[in-house]
Amino acid sequence: MDRLFVAIDIPDEIKTKFVGIMEGLKKIGAKVVPTTNIHLTLKFIGETERTKEIVEALKDVRSGSFDLVVSDVGIFGSIEYPRVFWVGVEKSSSLRELHNLVESRLNELGIPKDEREFSPHITLARFKTRVNSSKLQSILRENNRTFGSFRVNSFVLYRSILSHPNPIYQRILEFHLNP
């Protein structure tokens, strides 16, 4: 049984801009995502034995490459009880189209579409306990900026192996977009 998700890789030159933020989040007790695991999730599939069928379905996703602007930060949850600290991406019709194509192809296999609206983000940290909300607000305020942009030329099917202290992500296959 594989635990799968579909994602866009974030280039190292963008990830390096997150290091200072992540250090600040560690200091207030957040569990930061290892830099190697930072990505933008298009679709979390979950546990399945249908990896080969999923690979074949994703090979049929036809979309063009596009630019993505990485900017702003935020949290899911409240400032008193945050759950996730994220970096955002500017609205992109091309990203939404790619997400919808992935969802549609997987839905044809019987994998249900997400009930929640697609909210593209890059998770930097998770919170397991309450944190100092004024320090968190300061981190949010100081980092609301543009981190850069990059060309999305592909997406990847990943296997997630749950382990301690962090999951291990294995690339199964990269799917290239049309130039």
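Trainee: Which residues line the second largest pocket?
Mentor: The second largest pocket is lined by Val89, Glu90, Lys91, Ser92, Leu95, Arg96, Glu117, Phe118, Ser119 and Pro120. Bear in mind that this is a predicted model, in which local features need pLDDT of at least 70 and side-chain atom pairs count only at pLDDT 80 or more, while totals for chains, interfaces and linings use all residues. Residues are numbered from 1 along each chain as its sequence is written, and side-chain values use heavy atoms, with hydrogens and water left out.

Trainee: And what counts as a pocket here?
Mentor: A pocket is an open set of points on a 1 Å grid over the protein atoms alone, where a 1.4 Å probe fits and protein lies on both sides within 12 Å along at least five of seven lines; lining residues have an atom within 4 Å of a point.

Trainee: Now the largest pocket: how many residues line it, and which lie nearest its centre?
Mentor: The largest pocket has 35 lining residues, and those nearest its centre are Thr41, Phe44, His121, Thr123 and Arg126. By type, the lining of the largest pocket holds 16 nonpolar, nine polar and 10 charged residues.

Trainee: Which element gives the most to that lining?
Mentor: β3 gives the most to the lining of the largest pocket, namely six residues. Among the elements that each supply at least two residues are β1 (2-9), β3 (39-48), α4 (93-107) and β6 (121-126); helices (H or I, at least four residues) and strands (E, at least two) are DSSP runs, numbered from the N terminus.

Trainee: Switching topic, how many residues has the largest nonpolar core?
Mentor: The largest nonpolar core has 53 residues, and Leu25, Phe85 and Phe155 have the most contacts inside it, while β4 gives the most to this core, with five residues. Such a core is a set of buried Ala, Val, Leu, Ile, Met, Phe, Trp, Tyr and Cys residues joined through side-chain atoms within 4.5 Å.

Trainee: Which residues of α5 are buried?
Mentor: In α5 the buried residues are Leu136, Ser138, Ile139 and Leu140, and they pack against α2 (19-27), β4 and β5. Buried means under 20% relative accessible area, exposed over 50%, and partly exposed in between (1.4 Å probe, protein chains only).

Trainee: Where does Asn143 sit, then? Is Asn143 buried or exposed?
Mentor: Asn143 is in the loop between α5 (133-142) and β7 (146-152), and its relative accessibility is 10%, so Asn143 counts as buried. Beyond its neighbours within four places in sequence, Asn143 is in contact (heavy atoms within 4.5 Å) with Ile21 and Val73.

Trainee: And Ile161, which strand is that in, and what does Ile161 touch?
Mentor: Ile161 belongs to strand β8 (residues 154-161), and it is partly exposed, with a relative accessible area of 33%. Not counting residues up to four places away in sequence, Ile161 touches Pro167, Ile168 and Gln170.

Trainee: What separates Ile161 from Lys27?
Mentor: Their C-alpha atoms are separated by 27 Å, and Ile161 and Lys27 are 134 residues apart along the chain.

How values were computed:
Nonpolar A, V, L, I, M, F, W, Y, C, P; charged D, E, K, R; others polar.
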